[in-house]
Amino acid sequence: MLVIEKNALSEEIESYVKKYGDDRSSLLMILHEIQKKHRHISEFAQQEVARLLNIHPVEVYSVISFFAFLNSNPKGRNIVRICQTISCDMKGKKAIVQAIERELGIKVGETTKNNKFTAEYANCLGLCDMGPAMAINDRVYTNLTPEEAVELLGKVK
Ligand code: FES
């Protein structure tokens, strides 16, 4: 990251700290703002947040790791989450995963070269009786067949 970019990011984070306050309770809101603008929270941004809130960088990182909507690495513009929990597993998750990986040309956990999709595993999406389930961004799809999963990806493309 260039010095000029670092300065701009520092100023941006300072503006969030001004907006939300410089104590620990502001951490999540500040991270949310950074995520929204940059689609991830870089190591430098994490260090800046820690410095400005006077907390340890490990604390910042652990909050990012805990929440699925916060990422420390850049992700694709669309996030595909496949439920890996037991009900969906028993209802055919494996075939859905294979179809998605084949269609996107990546493994779960990876991002397509054009940055359009990141595929991830998720724990229960809350619709266990209608598995297998997957989410594309904020929308959850249930009772999926591999063909339907691929068709849904096609609609996003
Ligand atoms: S187990 Fe898959 S949605 Fe709950």
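Let me begin with a definition: helices, which are H or I runs of at least four residues, and strands, which are E runs of at least two, are taken from DSSP and numbered from the N terminus. With that in hand, I can say where N137 sits, which is in the loop between β3 and β4. Please keep in mind throughout that this is a predicted model.

The secondary structure comes to seven helices and four strands, and, read from the N terminus on, the elements follow the order α-α-α-α-β-α-α-β-β-β-α. The C-alpha trace spans about 50 × 30 × 20 Å along its principal axes, and of the 157 residues in the protein, 23% are buried. If we take the contacts between residues at least 6 apart in sequence, 60% of them join residues that are at least 24 apart.

How does the domain assignment divide the protein? The assignment gives domain 1, covering 3–66, and domain 2, covering 78–156, and the C-alpha centres of these two domains lie 30 Å apart.

I turn now to a pair of helices, α2 at residues 27–38 and α4 at residues 57–66. Two packed helices are described by the angle between their axes and by the distance between those axes. Here the axes of α2 and α4 come within 11 Å and cross at roughly 65°, and, because angles of 65 to 115 degrees count as roughly perpendicular, α2 is described as roughly perpendicular to α4. The crossing in which α2 passes α4 is right-handed. As for the residues that meet there, α2 contributes L27, L28 and L31, while α4 contributes V60, V63 and I64.

Which strands pair with β1, and in which sense? With β2, residues 117–122, β1 pairs in the parallel sense over six bridges, and I79 stands opposite T118 of that strand. With β3, residues 134–136, the pairing of β1 is antiparallel and has three bridges, and there the bridge partner of R81 is A135.

Finally, let us walk through the loops, where some backbone details deserve a careful look. In the loop between α6 (93–104) and β2 we find N115, which has a positive phi of about 65° although it is not a glycine. Is N115 buried, exposed or partly exposed? N115 has 13 C-beta neighbours inside 10 Å, and therefore it counts as partly exposed. Further along, in the loop between β2 and β3, lies P132, and the peptide bond leading from G131 to P132 is cis, with omega near 0°.

That brings us back to the loop between β3 and β4, where N137 lies. N137 is another residue other than glycine with a positive phi, in this case near 55°, and it is exposed because 11 other C-beta atoms lie within 10 Å. From C-alpha to C-alpha, D138 and K75 are 15 Å apart in space, while along the sequence they are 63 residues apart.

Definitions and conventions:
Residues numbered from 1 in each chain as written. Predicted model: local features only at pLDDT ≥ 70, side-chain atom pairs only at ≥ 80, totals over all residues. Pairing = 2+ DSSP bridges. Domains from an automatic or database assignment. Axes fitted to C-alpha atoms, helices over the stretch in contact; angles between N-to-C directions. Parallel < 35°, antiparallel > 145°, perpendicular 65-115°, else oblique. Left-handed = near helix turned anticlockwise from the far one by under 90°. Contact = placed C-beta atoms within 7 Å. Buried ≥ 20, exposed ≤ 12 C-beta atoms within 10 Å, placed from the backbone.
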